[in-house]
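Dear colleague,

Please find the structure below, followed by a summary of what was found in it. I would be grateful if you could read the two side by side.

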Amino acid sequence: MKAAVMGYGTIGSGVVEVLEQNREVIATRVGEEIEITYVLDLRDFEGEPIQKKIVHDYKVIAEDDSVQIVVETMGGVEPAYTFVKAMLLAGKHVATSNKALVAVKGAELLALAKEKNVNFMFEASVGGGIPIIRPLNSCLTADVIEEITGIVNGTTNYMMTKMTTEGLEFADVLKDAQAKGYAEKDPTADIEGYDACRKIAILTSLVCGRQVDYEDIPTQGITGISAVDIKYAKAMGLAIKLLATSKKTFDSYAVMVAPFLLSPSHPLYSVQDVFNAIFVHGNMLGDAMFYGSGAGKLPTASAVVADVVEMAKNVGHNIPVEWQPTKLELADPAQMEYRYFVRAAAERAEVEEVFGKVAYVEAEGVTGEVGFVTDSMSGADYEKKAAALPGVIQMIRVA
């Protein structure tokens with residue numbers, strides 16, 4: 001069976017490597033070998049074996065009827081969208097790891113794939129090598145998914161782990177993450193939460209069957225977390241994690257990305273370093289956890305190739321995915337209730353006048369401020385109270 005790869009970067013080259021190294025077992029599972037015929041890239045790779053397969057024009061792939069499966073690992077919405085659409089229109093199955101493309105164009109490309117009786121699959125777009133999308137589409141279809149909460153960005157989880165274990169400041173940990181290759185030269189998408197935002201938008205779209213626009217999701221990254229916050233967290237026996245969370249509220253979902261304080265009893269508390277984990281609660285299933293390598297060349301490529309194998313076993317058959325282009329109006333996450341950890345340059349009497357009874361937290365070596373945890377309240381109530389308290393330095397929700 002002939003296939004092509006668009007984009008020969010980290011993930012694209014990983015896909016080629018997985019298909020080559022696991023050639024025999026994949027052939028056994030599919031019933032025939034999968035051969036990479038073309039690799040689309042702007043660059044040439046002189047002296048490397050892949051060079052004989054390199055093409056620079058996507059139309060070469062689109063117009064070759066012998067190619068049945070195409071893998072897109074370019075990233076970004078354009079030109080990936082134009083290329084993927086052309087492949088689907090040409091009657092080719094497409095697998096992608098591109099979360100930006102899926103978040104924006106997923107519903108449209110799924111509809112086009114259905115029209116052309118092919119498949120558009122994107123397991124690797126969320127959670128890297130962790131299988132989550134296929135379980136949602138096939139194993140959990142008897143459930144109403146009431147909550148999805150995940151650590152879905154390995155860079156930020158590595159940074160929070162490093163800050164916790166070594167007491168370092170954010171800027172120092174970011175430099176370390178960049179030096180190790182865990183963070184990009186421009187880390188904005190990771191540290192500001194945008195990457196996690198797109199992923200939770202995709203997952204929510206799948207469980208509700210409608211389009212969730214990531215621009216509608218309140219998103220806060222980890223750039224405001226300091227070594228002092230870590231000291232307070234340790235004093236409470238808690239850990240700070242960047243969570244992407246989606247909770248069913250009546251006929252919609254309340255979705256957000258933000259740092260949370262987790263207790264040791266929370267299922268995501270012990271997820272360390274670059275690992276990802278996604279917690280799912282179904283009304284019949286109860287609780288389930290998906291854990292593993294959330295990024296990296298071979299784990300992500302493995303998830304892409306799993307889609308390739310699934311498509312190769314379903315040539316001439318569209319596997320239905322419920323994701324309509326009709327937009328879902330998200331519920332206001334400010335209505336969700338949490339306890340809040342707050343740091344303020346204020347007196348205890350001022351705190352109690354505004355928030356009433358609170359639990360104070362003493363952190364080693366921290367002076368000139370007060371730290372406390374509120375009772376459970378809605379986000380809207382918290383905002384009103386915080387506006388009445390002078391000198392608020394920090395707020396982190398307690399999950």
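Gly 128 is placed in the loop between β6 and α6 (133-139); helices (H or I, at least four residues) and strands (E, at least two) are DSSP runs, numbered from the N terminus. This is a predicted model, in which local features need pLDDT of at least 70 and side-chain atom pairs count only at pLDDT 80 or more, while totals for chains, interfaces and linings use all residues. Residues are numbered from 1 along each chain as its sequence is written, and side-chain values use heavy atoms, with hydrogens and water left out.

Gly 128 is buried, at a relative accessible area of 4%. Here buried means under 20% relative accessible area, exposed means over 50%, and partly exposed lies in between (1.4 Å probe, protein chains only). In space, Gly 128 and Val 152 are 8.6 Å apart, C-alpha to C-alpha, while in sequence they are 24 residues apart.

**Strands and sheets**

An open sheet is formed by six strands in the order β3-β2-β1-β4-β5-β6, and its pairing is parallel. Two strands are taken to pair if DSSP finds at least two bridges between them. The edges of this sheet are β3 (54-55) and β6 (120-121), each of which pairs on one side only. Within the sheet, β4 (residues 67-72) and β5 (residues 93-96) pair in the parallel sense over four bridges. Glu 72 has Thr 96 in β5 as its bridge partner.

Elsewhere, strands β11 and β12 (residues 286-293) run antiparallel and are joined by eight bridges. They form a hairpin, with three residues between them. Ile 278 has Phe 290 in β12 as its bridge partner.

**Pocket and cavity**

The volume of the largest pocket is about 1,100 Å³. Its lining comprises 42 residues, of which Ile 11, Lys 99, Glu 184, Asp 195 and Ala 295 are the closest to the pocket centre. Two or more lining residues come from each of α1 (10-21), α5 (99-115), α7 (154-166), α9 (188-191), α10 (194-208), β11 (275-282) and α12 (297-312).

The search used a 1 Å grid over the protein atoms alone: a cavity is a set of points where a 1.4 Å probe fits but cannot get out, a pocket is an open set with protein on both sides within 12 Å along at least five of seven lines, and lining residues have an atom within 4 Å of a point. Grid points are joined across faces, edges and corners, and a volume is the space filled by probe spheres set on the points.

There is one cavity of 30 Å³ or more. The largest cavity has a volume of about 30 Å³, and its lining consists of Thr 245, Lys 247, Ala 254, Met 256, Pro 333, Met 336 and Tyr 338. At least two residues of this lining are supplied by each of β9 (239-249) and β10 (252-262).

**Salt bridges**

Side chains of opposite charge can pair when their charged atoms come close. A salt bridge is counted where a side-chain nitrogen of Lys or Arg is within 4 Å of a carboxyl oxygen of Asp or Glu, and this rule gives 16 salt bridges.

Glu 369 forms a salt bridge with Arg 343, with the closest N and O atoms 2.6 Å apart. This pair links distant parts of the chain, 26 residues apart: Glu 369 is in the loop between β15 (359-361) and β16 (370-373), and Arg 343 is in strand β14 (residues 337-344). Arg 343 is buried, with a relative accessible area of 7%.

Salt bridges that share partners also join Glu 20, Arg 23 and Glu 33 into one network. Glu 20 meets Arg 23 at 2.7 Å, N to O, and Arg 23 meets Glu 33 at 3.0 Å, N to O. Arg 23 lies in helix α2 (residues 23-30) and Glu 33 in the loop between α2 and β2 (35-40), so this pair ties together parts that are 10 residues apart in sequence. The relative accessible area is 48% for Glu 20, 26% for Arg 23 and 43% for Glu 33.

**Aromatic rings**

The structure holds 12 aromatic pairs, a pair being two rings of Phe, Tyr or Trp (its six-membered ring) with centres within 6.5 Å. One aromatic cluster is formed by Tyr 340, Phe 355, Tyr 360, Phe 372 and Tyr 382. Arg 348 lies over the face of Tyr 360, at 4.0 Å from the ring centre. A charge sits over a ring if NZ of Lys or CZ of Arg is within 6 Å of the ring centre and within 35 degrees of the ring normal.

With kind regards

How values were computed. Rings of Phe, Tyr and Trp (its six-membered ring) pair if their centres lie within 6.5 Å; planes under 30 degrees apart count as stacked, over 60 as edge-to-face and the rest as tilted.
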